[in-house]
Amino acid sequence: MQPRNMSMSGVVDLAAVKAAGEAKVKAEQARAEAARNGGAGAVAPAALVIDVDEAGFERDVLQRSAEVPVVIDFWAEWCEPCKQLGPLLERLAVEYNGRFLLAKVDVDANQMLMQQFGIQGIPAVFAVVAGQALPLFQGAAPEAQIRETLDQLIQVGEERFGLTGIVVDPDAGTEGAAPAEVPAGPYDALLEAAAQALDANDFGGAVQAYKNVLVDDPGNPEAKLGLAQAELLARVQDMDPQQVRKDAAEDPADVAAQIAAADLDLVGGHVEDAFGRLVEAVRRNFGDDRDAARVRLLELFEVIGPEDPRVSSARTALARVLF
């Protein structure tokens, strides 16, 4: 068995992809239509994580990648980092609700697949999108980094290939299951304390108050937005704007200077300038400098909010330079 149409050069070099915006709209329409039709072909959340071997690779990975990005987790029982990364990926697969499928490959039992992907160490995580493979990361990466990588992967799948994802039926396979645990709350007092700290320019206090909410409720949208804003204000509080802009203008290759200037751009309301500056820093740099610019850009996305069209546009630009 040989995986067909595999290309480690990335997924964006295909010439026949549809226009990005049109494909994404069609993907969203297809998901909505499937949901309106009662979720025909819907799967249970547990089916978002599958074990894959060499015999089923074409069916379970290559063919499925035409409808949803497939993330492959290469692992082994003796690998301690795998025991940390695996459960995290499984949790995220359920949380992302059909936006990607997680395929787990035991390298001890599937040596041929390990060789075909050129894996030198585990855990190793790859993705297959529309039949094309690309490496994502190796080792037990932090959750924030994994989420960022998944977001970019899903965006590429939607905008460049029109992948609709999998419709998930949350009630499937839950007979007799314990009710879902509801996050503790309410958080009105903590959120009010954070807002008061912001008004008093106590940005450190605001950051801590928002973090206290997120400890119990990591998805709380108000706390996530407030934390991103408080951290931004804390960073620019003691800046000399003229010096920061002078440094950035004199040395475009200085990533730290570009990051600082992007923070000032955003605080000053120049959202597109901030995003464009950091996308360019990602494009022209490598290694730690590139990663620092990318991470700061994602943090600034949180300040503006995912629904803002300027964020969507910048995410597309970032995907182009990353993939």
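In this predicted model, the torsion about the S-S bond of Cys79 and Cys82 is about 80 degrees, so the disulfide they form is right-handed. The two sulfur atoms lie 2.4 Å apart, and both Cys79 and Cys82 are buried. A search of the whole structure turns up one disulfide.

Salt bridges come next, with a count of 20. One of them pairs the side chains of Arg235 and Asp263, at 2.8 Å from N to O. Arg235 belongs to helix 8 and Asp263 to helix 10, so this pair ties together parts that are 28 residues apart in sequence. Asp263 is buried, at 1% relative accessibility, while Arg235 is partly exposed at 26%. A further salt bridge joins Glu250 to Lys246, whose closest N and O atoms are 2.8 Å apart; these residues sit four apart in helix 9, about one helical turn. Here Glu250 is exposed, with a relative accessibility of 54%, and Lys246 is partly exposed at 43%. Elsewhere, Arg91, Glu95, Glu143 and Arg147 are linked in a network of salt bridges.

Helix 12 is worth a visit of its own. Its 18 residues, 287-304, should span 26 Å at 1.5 Å a residue, and the end C-alpha atoms are 27 Å apart, which agrees. Among its buried residues are Ala293, Leu297, Leu300 and Phe301, and the cover over the buried residues of helix 12 includes helix 5, helix 8, helix 10, helix 11 and helix 13. Arg296 counts as buried at 17% relative accessibility, whereas Glu299 is partly exposed at 31%. Just after the helix, Gly305 takes a positive phi of about 105 degrees.

Key: Residues are numbered from 1 along each chain as its sequence is written. This is a predicted model: local features need pLDDT of at least 70, side-chain atom pairs count only at pLDDT 80 or more; totals for chains, interfaces and linings use all residues. Side-chain values use heavy atoms; hydrogens and water are left out. Helices (H or I, at least four residues) and strands (E, at least two) are DSSP runs, numbered from the N terminus. The expected span of a helix is 1.5 Å times one less than its number of residues. Buried means under 20% relative accessible area, exposed over 50%, partly exposed in between (1.4 Å probe, protein chains only). Contact means heavy atoms within 4.5 Å. A disulfide is a pair of cysteine sulfur atoms within 2.5 Å. A salt bridge is a side-chain nitrogen of Lys or Arg within 4 Å of a carboxyl oxygen of Asp or Glu.
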